[in-house]
Structures are given as C-alpha cells and as structure tokens.
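Q: Hi! Could you walk me through this one?

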Amino acid sequence: MLYQLRCLSTLLSNGLPLNAVRNTRVLTGSGGIVQRWYATKNWNVEHIRNIGISAHIDSGKTTLTERILFYTGRISVMHEVKGKDNVGATMDFMELERQRGITIQSAATYSTWKDYNINIIDTPGHVDFTIEVERSLRVLDAAILVLCGVGGVQSQTLTVNRQMNRYNVPRIAFINKLDRMGANPERVLLQMRSKLRHNAAFVQLPIGLEGKHEGMVDIVHGKAFYFDGKFGEKVIEDEVPKDMRDLVAKKRFELVEAVSNVDETLGEQFLSDVEPAPEDLMRAIRRSTINRHFTPVFVGSALKNKGIQPLLDGVLAYLPNPAEVTNYAIDNTKNQEKVVLSPLRDGSHPFVGLAFKLEAGRFGQLTYIRVYQGLLTRGDNIVNTRTGKKVKVSRLVRMHSDQMEDVSDVFAGDICALFGIDCASGDTFTTDEKAKLTMESIHVPDPVISLAVKPAKKDDLDAFSKAINRFQREDPTFKVHYDDESKEVYSNPFSYPLFPLVL
C-alpha cells in the first residue's frame, strides 16, 4: 500500500491531474499480479522523450537507469547489478543477467518526470549483443551516451557512437563514476573530441572527485547542486564554491564558444561580446544538440546517487521530442519514394509502426512496436506490409522491464508491445490496407562465426526446425543455410555467447 501511495504521490507531484492517473492490474513476468498507479493521458507530443542509454561495458548504464526509475517514482526501492541483495536491477530481469552482472538483451520501460513522459530502453554494452543496441537506436529519438570517468572512451564506445551516427540520433553525454579512484572528466572530454570527433563541452563541473565528490556546478545557470538524504533524493541548490568560480567562468566561456561555432543566433551574440542569458544559452544548446552539431556533457556518479536529477532535467531541456525528428517511410507503389510520417497524436493519419524486437515468452510471441504515425487501439485490424496478412490486435501493452501493463490505445511517438502477431523483426504494420509502406530496415552486421547444429535425437527434428525458425524471426543476425556436401545445417549466430544457452 505504501508503494502505491508513493507512486501516486510522485505522479501527482510531477504535474499530472488526478483524472489522468488510474490504478491498474500489472502482470509480472513470473505470472503474478501486482497493482500500480500509472499515467494514462494522451501526452502532448512536446512532453515526450524516447531515449536509449548506451555505453561501453561496465560504464554504469543499468545502474543509471535504476536511479532514473527510482527518482521518477517508477520503482520504490533501488537494487544493484549482479543481484547482490538477491533481487538485482529492475532492467536486468533475466536470471543469467543477474548472475553475470551484465545486460544481455535490451529492456524497455517508461517513467514521468516534471510532467514529461520518458520512454527508456536500456541496452547491452558487450559487442556480442550489439544487435540489441542497433535495433533500439533505430527506433529512438535520442540517447544518453554514458562514459566511465576512469576508462573514458573505450572500444565499444566507438561502436555505439557509430550506431548513433548511422541513425542520426542526437545525444547528451554523462561522465559517470566520478567517485572512483583515478576519475578524470577532463581527460574523458578530450577523448570525446579527439576519438569520437564530437564538438563537446561541459554544461556541469564536478565538485570534488573520487572520495571527495560532493555534487556539481551548473555552468549555464551558475549554481551548485548537492544531494542529501539516504538515497540522494533531496537536491540542495547553493552558490558556486568560491574556489571554483574562476574555473566555472572559464568553462562557461568554452561552452559559449563551442555552441557559437555551430549556432548562428548565439554566434552573433558571441561576436558582439554580449554575454548570453541562461535561457538564450539553453535554447542554443538545444538547437545544436538536436541538429547533432554539439554534445552537452553532464557529470556525476550513479552508484553514489549524484547528478541523476539534473541529468533528467537535461533530457527534457536538450533532447528532441518525436515531432522534432523527421521520420520517413518508403512507398513501394511510387518507386520507393520517401514519405514523411506525421507526428500528430490523433487518428487523422493511418497507423504506421515498426516491429523492432520480438521476444518469446510464456504467453506467446511479444512484438515490440514503435508507433511512428497515427493511433492504434485494441481491437484494430493491422496489415503486415511485407506479407500482406491482416491481424487483429487482441492485446496492447506497455512494458516496464518484464512487466506488462495493458493499455487501450497508443499514439505516434509511443513504444508498445503486441501479443499474438505473426511477424519478423523489422516488419512494418499499418491500418491502411492499400498502403505499401516500409520503414527503413535495421542495419545488420555480418556474423563471423558458423556452427554446425543438429538435434540430439531424430525425434526432435520438428522441434529443432521450429526453434530455428523462431530464432530467425527474433534475431536478424541469425542466419541458417544447408550445406549439400556435408548434409548439415549451419547457423551464423552473431550473439554467439547467448546462442548455446538458449538452444
């Protein structure tokens, strides 16, 4: 009961009216039923953010996501990676993930912060599961690039950065783990500029490093923030420490200069020696970030509960809403002409959605959909534009990790999931039977390993064939071919470490 009241209190304090919140029965992955308060209103498109959290291995992505869910009231208790308390982080719900302390598959959730709805996908950091990052970034409007304050830019950071560039994803950077020995955010910033080729600058500076890390200074507004309370839930605003004022002034000049180089409006003020007001600087940072000409850099320590609330404010302030990202579909009836999809959150345009992930569960195939246009209501008939098959949407859910929350409808800009839909990863759906629209396909890297696979018993051949077909539908990197000479079936599983475990 206390948990329900806390969730309700958080939603109301974030600006939701009481009639936009209701109590719902939630089906958990283990089959149990819990009750939770959650928002049901049709959000204004300007108050929606679709973000991914991506990084190199062990940079703190899942820990950061856990803090975001806690501070937004989505969960009542924070748990740690590896399940040290026999629970584990919310987004790592697979038993293998909790045993190994790594993220194997991407997981979706959503939360509310200051009357904004934030859809979040937490992605793996290991290169073996890079397809999970690939298809998540394909459907997201923006991302948080997490970097370790000690390790800096590492090999998988480069890979994730290329994936973001491939899908034109605007991003903000978060330098994490500043409480660790050897943390050096200045070095990380220089690596971002030299290795990632980012026009990046600090929008925050840490107050102390390693064991003396206490908070951070907001360079844009010239304020210091400290985090009090058992879990850092109390944000205390104060003046900039006297011994940091010269450094803050220097870094603010660097910030204004970096943004002025790519933003014409701020550039005119800079050349006229006009000190920009915080509001003008924020607008310039937002324009430059959305155009992918600038990367604002935030700092903090997710494990020590420092810097998460200002980072959430940065997500709202600098990252785009779905209407600020132009999405296209390919019209196959007009020589593959590109058609701009409408971001309006109503039924004035036919529904268009992309199935970007398939997951086999105890209740059947779960198909993750990003809605790009129109309205989808439970009971609607939708058409798979690849196969031409029409199916009825019998159940429509939003995901919170492995928990499914039934909803009656979803709109352009939402991320949802469907049950009982026969399709493959990358299929496009629409409510217009005459439309031959196809969303841009997901980039699939070529597998580098081949394995000869066969059932242990001949009696298992049918089950073996069904399993192979299921893997091919779920994983676009999973390729299968029959070799005439050896009379064997060969598979090319890109996610090799996971393949023997699930087969």
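**Chatting through the model**

Q: Let's start with Arg-197: buried or exposed?
A: Arg-197 counts as exposed, at 70% relative accessibility. For these labels, buried means under 20% relative accessible area, exposed over 50%, and partly exposed in between, using a 1.4 Å probe and protein chains only.

Q: Good. What should I know about the model itself?
A: This is a predicted model, so local features need pLDDT of at least 70 and side-chain atom pairs count only at pLDDT 80 or more, while totals for chains, interfaces and linings use all residues. Residues are numbered from 1 along each chain as its sequence is written, and side-chain values use heavy atoms, with hydrogens and water left out.

Q: Back to Arg-197: where is it found, and what is its phi?
A: Arg-197 sits in the loop between α6 and β8, and its phi is near 60°, a positive value in a residue other than glycine. Most residues other than glycine have a negative phi. Asp-115, in the loop between β4 and β5, has a positive phi too, near 65°. Helices (H or I, at least four residues) and strands (E, at least two) are DSSP runs, numbered from the N terminus.

Q: Switching topic: how many salt bridges does a search of the whole structure find?
A: The search finds 17, counting a side-chain nitrogen of Lys or Arg within 4 Å of a carboxyl oxygen of Asp or Glu.

Q: Which residue forms a salt bridge with Arg-370?
A: Asp-141 does, with the closest N and O atoms 3.3 Å apart. The two are 229 residues apart: Arg-370 is in strand β17 (residues 364-373) and Asp-141 in the loop between α4 (130-139) and β6 (142-148). Arg-370 is buried at 1% relative accessibility, and Asp-141 is buried at 2%.

Q: And which residue does Glu-275 meet in a salt bridge?
A: Glu-275 meets Arg-252, at 2.5 Å from N to O. Glu-275 lies in the loop between α8 (264-271) and α9 (278-290), and Arg-252 in helix α7 (residues 245-260), 23 residues apart. Here Glu-275 is exposed, at 59%, whereas Arg-252 is buried, at 12%.

Q: What about Lys-306, where is that?
A: Lys-306 is in the loop between β13 (295-299) and α10. Lys-306 is buried yet has no salt bridge, and the nearest side chain of opposite charge, Asp-179, is 8.2 Å away. For charges, Lys and Arg count as positive and Asp and Glu as negative, with His and the chain ends not counted.

Q: So what does Lys-306 touch?
A: Leaving aside residues up to four places away in sequence, the contacts of Lys-306 include Phe-174, His-213, Glu-214 and Phe-227. Contact means heavy atoms within 4.5 Å.

Q: Now the sheet: in what order do the seven strands come?
A: The order is β4-β5-β3-β6-β7-β13-β8, in an open sheet with mixed pairing. The edge strands, β4 (107-113) and β8 (200-202), each pair on one side only. Two strands pair if DSSP finds at least two bridges between them.

Q: In which sense do β3 and β5 pair?
A: Strands β3 (residues 48-55) and β5 (residues 116-122) pair in the parallel sense, over six bridges. Within that pairing, Ile-53 has Asp-122 in β5 as its bridge partner.

Q: Which strands does helix α6 touch?
A: Helix α6 (residues 185-194) packs on the sheet and touches β6, β7 (171-176), β8 and β13, its direction making about 160° with that of β8. Axes here are lines fitted to C-alpha atoms, for helices over the stretch in contact, and angles run from 0 to 180 degrees between N-to-C directions.
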